[in-house]
Amino acid sequence: MQETVTPLVLDVDGTFLKTDMLLEAFWRGLGRAPLATLACLRHIRHPARLKAALARVAPLRTDLLPVNPDVAALALASHSEGREVVLASASDVTQVARLAEDYGFSDRIFASDGEVNLKGKAKAQALVQEMGERGFDYAGNSSADLAVWQHAENALVIGRVRGAAALAASGRSVLYLPGGWSWGALARALRMHQWVKNLLLLLPMIASHRFDLATLVQVLWGIVAFSAAASAIYIVNDLLDLEADRLHPTKRRRPFASGAVPIGVGMVAFVVLAALALGVAAMLNLAFLTVVVVYMLTSLAYSLRLKRMRWVDIATLAALYTMRVVAGAAAGQVEASIYMLIFIFPVFLTLGCVKRLTELTLATSDERLPGRGYGRPDREDLLNVAGLGVFTALLVFFRYSVSEQGRELYPDTWLLWLAMLPMGWWLIRMVRLGWRGKQDYDPIVFALRDKLGLGILMLVLSLMFWAAGMWSEWFAG
């Protein structure tokens, strides 16, 4: 493209930015003021009013929004050379003005004003009226931009746009720049590595010594449903946490926070996954469907509000893990021992404390964690609660070992007592590593990669199998 003094006009959503400011405002508002945000939807048939209403309810940190690196580099280079860089967007004028100010672009902006939705032909008309026919170069990323490119001197096409090839065929100068998203990035947003947590659904079947194929198949279908439900909630959690994630040293690389996957794609994926989870759950039985629904509603409450409340967030996390055990019992239609449920809760209460301890230890300032209610002064209290969780878990396990059910399933009680030693070692070790900041931000992910820790857990399981007499039965068979 030849050197030109004409202004460089940039579309914003999906072009200069790797995100959409309307959807950004919606999810930020949903996390901060859900009722006021939902009230804005009364303007859904009038896009300009909807955008203005959401911009008032949920002002954005435009300096944190992810930019398309190629477009940003071109824009900043043009600006440094003295060329006017103008933002023209269908987003609300207040947001676009802040974005232009953040990057030092021209204060001459074009945007929706609460009455006119500046998109497609409306944007083309406004630009031609101000700059003249062929009086500007224009960068866009969607078929709606075709109307603008028809009046631009040069076209900058971001990603794949249907109909853009006709521009070059008509003799128009066209420059293509990278854009779009990948299925691999979406897969990362689903956090499939977290599905391993749903192996907890197998626990009631194992604890009750039900190893028949029919029960296993039912529980495996339950794991499929819970995995889909969990991924759906991970998406919602990430969309509600966009700003907090962008302020986090590692979470800012998450697919939605970084702009690697558009918010709209995430919303579609959420609907598909939620439908899959509920459909499979309904296929199994009503009890399991009820557990899945309660799990999803509790997870949504956690994402919307509870995770910002000190101590409540950790208790909720522990409850969500405990629900997996209840779900496993419902899916396989086996009895879940009350001792098992009471044992699981303090274990995951401890791991929730470990998660926060790790984050606080690795924090770079004394400010409260973004989107959370904890600061460094809370480390001692978190350590105490974690220690209480370890003690309670071991106490409940001991009580189970001497209960009627425990003696019936595990005749060699002394082996259960012996298993408490590596069990306590594993829990205390997890707390110690979290206190020293030597863990992953997710203790479950860390535990799955920790070879020593896995060895300790295998020792616990071996002793429990031995106590149940399973090893001798299998070897005799």
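With which side chain does the side chain of Asp378 make a polar contact? Please also set that residue against the rest of the protein.

Analyst: The partner is Arg310. The side chains of Asp378 and Arg310 make a polar contact at 2.6 Å. Bear in mind that this is a predicted model.

Start with the place of the residue. Asp378 lies in a loop. That loop runs between α17 (338-362) and α18 (379-401). Asp378 is buried, because its relative accessible area is 7% and the cut-off for buried is under 20%.

Now its neighbours. Leaving out residues up to four places away in sequence, Asp378 touches Arg310, Arg368 and Gly373.

Step back to the whole protein. The protein has 477 residues, and 53% of them count as buried. Asp378 is one of the buried residues. The fold holds 23 helices and 6 strands. Its C-alpha atoms fill a box of roughly 90 × 50 × 40 Å along the principal axes. Take the contacts with a separation of 6 or more: 66% of them join residues 24 or more positions apart.

Charge comes next. There are 47 positive and 40 negative side chains. The centres of the two sets lie 3 Å apart. The accessible surface is about 21,800 Å². Carbon and sulfur atoms make up 63% of that surface.

Begin with β4, residues 137-140. Asp137 and Ala139 point one way, Tyr138 and Gly140 the other. All four are buried. Side chains in a regular strand alternate between the two faces of the sheet.

β4 has partners. Strand β1 (residues 8-10) pairs with β4 in the parallel sense, over 3 bridges. There, Val9 stands opposite Tyr138. Strand β5 (residues 154-158) also pairs with β4 in the parallel sense, over 4 bridges. Here Tyr138 stands opposite Ala155.

Move on to β5. Because 5 of its 5 residues are buried, β5 is largely enclosed by the rest of the structure. Asn154, Leu156 and Ile158 point one way from β5. Ala155 and Val157 point the other way. β5 pairs in turn with strand β6 (residues 173-177), in the parallel sense over 5 bridges. In that pairing, Leu177 of β6 is the bridge partner of Ile158.

Note on methods:
Residues are numbered from 1 along each chain as its sequence is written. This is a predicted model: local features need pLDDT of at least 70, side-chain atom pairs count only at pLDDT 80 or more; totals for chains, interfaces and linings use all residues. Side-chain values use heavy atoms; hydrogens and water are left out. Helices (H or I, at least four residues) and strands (E, at least two) are DSSP runs, numbered from the N terminus. Buried means under 20% relative accessible area, exposed over 50%, partly exposed in between (1.4 Å probe, protein chains only). A polar contact is a pair of N or O atoms within 3.5 Å; within protein, one must be able to donate a hydrogen and the other to accept it, and residues adjacent in sequence count only if both atoms are side-chain atoms. Contact means heavy atoms within 4.5 Å. Two strands pair if DSSP finds at least two bridges between them. Accessible areas come from the Shrake-Rupley method with a 1.4 Å probe; for residues, only the protein chains shown count as cover. Lys and Arg count as positive and Asp and Glu as negative; His and the chain ends are not counted. The place of a charge is taken as NZ of Lys, CZ of Arg, CG of Asp or CD of Glu.
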